[in-house]
There are 2 protein chains.
Amino acid sequence: MPELRKDPVVDRWVIIATERGQRPYDFNPEQVTAGTGFCPFCEGNENKTPPEVWAIRSSGSAPNSPGWQIRVIPNKFPALAIEGELNRQGLGMFDMMNGVGAHEIIVESPDHGWKVSDASESKLFDIFRSYRERITDLQKDTRFRYCMVFRNYGAAAGASLAHPHSQLIALAITPKRVKEELHSAKEWYHEKERCIFCDVIRQELVMGDRVVLDNEHFVVLSPFAARFPFELAIYPKRHCHDFTLMGDDERRSLAGTLRETLKRIAVTLQDPPYNYILHTCPNTTHGTGPTRVNYWLTLEHDFHWHLEIVPRLTRIAGFEWGTGFYINPVAPENSTRFLREAELE
Amino acid sequence: MPELRKDPVVDRWVIIATERGQRPYDFNPEQVTAGTGFCPFCEGNENKTPPEVWAIRSSGSAPNSPGWQIRVIPNKFPALAIEGELNRQGLGMFDMMNGVGAHEIIVESPDHGWKVSDASESKLFDIFRSYRERITDLQKDTRFRYCMVFRNYGAAAGASLAHPHSQLIALAITPKRVKEELHSAKEWYHEKERCIFCDVIRQELVMGDRVVLDNEHFVVLSPFAARFPFELAIYPKRHCHDFTLMGDDERRSLAGTLRETLKRIAVTLQDPPYNYILHTCPNTTHGTGPTRVNYWLTLEHDFHWHLEIVPRLTRIAGFEWGTGFYINPVAPENSTRFLREAELE
């Protein structure tokens, strides 16, 4: 069973998932070997993965057989275990609990060579639907406080399998980065009775020089204090705390927006590795105690879901780890200009 | 002039240092080319670097000529500018200031192929002396709140030049990661009147299974909630908030401790890339206003300097960026065992 451990000084949890690694020499990055050519995510290899938990399939095709368009499966090497109680405990001044959670793979296409930046809008629409369905389903489990959806594209971005896929991790803890956003958003709302993200969007639209895309439903920004070259964020214009509450119109618009954004990145930066990460609200469907209710009371007013996109262009060195302070060699205004000027065919 | 910008939601500053990068294609990691063979840090090439600010030299040798053992120079491509005022300003809801700071390189040996893990103790003693001298000197500048010393070893750890060197960055802001430690340490001290780091050391020494090294002056731990495989921290046993206040005995002991630690890492993990980062207290030499004095009042009691060592064995993917939540495939108890059992000739 993996363990969740909390750093005694800084409020940061870590998953210790020992089963994934064995001996020290397994971790020498120089020794990573190329794939063998076999891909468990390709159509026809359904019996090489754990049984699917959700899929979009051609009518008449049986689960765990060919005929699917999107297929969600548990990760064969999960960082967290789906069964078991949390069993929170202290060990002297240390805090820990069982590594209970879900770790799923959203296989986005039966086609190994498919690319999101070439996808149709209806395909992306369905991918977002799969995110929503899985988040909604996992949030029924009261052990889970947070569902994090993310996509690693390219080996330098951490993708260990090239076949196009996203991942979903359901956690018993709201992660530190999200907590920081929730906390600031709550403070801002308390003071101003406005959403801090809505305020950022309004100011960026007025200033204009960090707006990569702007349409009816979404805005794509190169954030004012971007940590990385060409870092971007997609915000819905309609204030909403919860990704799963998006309507069909918005979802279709997000499909087009993400497609164009990734295409501009691919053209400008020669198809770089990237990560995208969905920041939606924590699981609010459980818990009725007064503390919890109080905590969530303003959440739908103060938080605003968004998607962060980080092309992986620079190496993270000691300075960044040691400080949490980033050096970005490209001003977001310049990133914006390059991305806007990209010629899409 | 580089800019410091603060994220409006999360309390995180970023250096926008545009001069360092030019066009988008400069950032394609596939296009990084090997060095030309010329090394500006090698003995004899002193005129290819900015003039030295400090050095240990053979008696009689002139500054900026051969004959040195350790040489400190300003970074030729600094992330921050040494001249100028901070000029703090707001831009609507955004905060920014001039990117004023120092960025120095500590060239640790005239010999290109020299390795810290093979160093003599007296050599490491001198390197630590150079850290102390430069921190002490830069802290006289009241614009600087924090001096961060770090070392990147190997290209995967962010070292752009192979010649052995450390770096020092003096900042107008205490970085987020350090602030989090300072904050927790202060709260703990307020509650218990004990240093939180001293408490961690005591508990780890009792438990024993994460203690890699333990001698008169220092203890090397694989932290309970280590983020990365084989992550380590070196703590002085004597409570002290400030690296520069280390005595000669301690400095000699630290030299031996770091040397053995890096040797054990090199043997166990086949000479991996790594970062080490010094966490010492912020600059306390300036400012006499009541708020500032109050802030520093308990610092010498509650903070405890330490050195973090992070071998770079795993890739950081979207999950880690999105959450601040880490998956560590090697339990620190196992790292400890492997490192303890390493055969050092």
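Student: Before we start, what should I know about the numbering and the kind of model?

Tutor: Residues are numbered from 1 along each chain as its sequence is written, while chains are lettered from A and ligands numbered from 1 in the order in which they are written. The model is predicted, so local features need pLDDT of at least 70 and side-chain atom pairs count only at pLDDT 80 or more, whereas totals for chains, interfaces and linings use all residues.

Student: What is the mean pLDDT of chain A?

Tutor: The general idea is that pLDDT gives the predictor's confidence in each residue, from 0 to 100. Here chain A has a mean of 88, and 89% of its residues reach 70 or more. Over residues 28-34 of chain A the pLDDT is below 50, and beyond near neighbours in sequence this stretch has 6 contacts in the model. For the complex, the predictor gives an ipTM of 0.88 and a pTM of 0.91.

Student: Which rotation superposes chain A on chain B?

Tutor: In general, two copies of a chain are related by a rotation about an axis and a shift along it. The copies are superposed by least squares on the C-alpha atoms of residues with pLDDT of at least 70 in both. In this model the rotation is 180 degrees with 0.0 Å of shift along its axis, and the RMSD is 0.0 Å. That is the relation of a two-fold axis.

Student: How many residues from each chain does the contact take?

Tutor: Two residues are in contact if their C-beta atoms, placed from the backbone, lie within 7 Å. The contact takes 78 residues from chain A and 79 residues from chain B. On the side of chain A that touches chain B, the largest share, 7 residues, comes from helix 2 (residues 176-192) of chain A. Helices (H or I, at least four residues) and strands (E, at least two) are DSSP runs, numbered from the N terminus. By class, that side of chain A has 46 nonpolar, 18 polar and 14 charged residues. The nonpolar class is Ala, Val, Leu, Ile, Met, Phe, Trp, Tyr, Cys and Pro, the charged class is Asp, Glu, Lys and Arg, and the others, Gly among them, count as polar. Since 100% of the interface residues of chain A are also interface residues in chain B, the copies meet through the same surface.

Student: Is strand 13 of chain B largely enclosed or open?

Tutor: A residue is buried if 20 or more other C-beta atoms lie within 10 Å of its own, exposed if 12 or fewer, and partly exposed in between, with C-beta atoms placed from the backbone. In strand 13 (residues 274-279) of chain B, 6 of the 6 residues are buried, so this strand is largely enclosed by the rest of the structure. Tyr274(B), Tyr276(B) and Leu278(B) point one way, and Asn275(B), Ile277(B) and His279(B) the other way. Strand 13 of chain B also runs antiparallel to strand 8 (residues 146-153) of chain B, joined by 5 bridges.

Technical notes:
Pairing = 2+ DSSP bridges.
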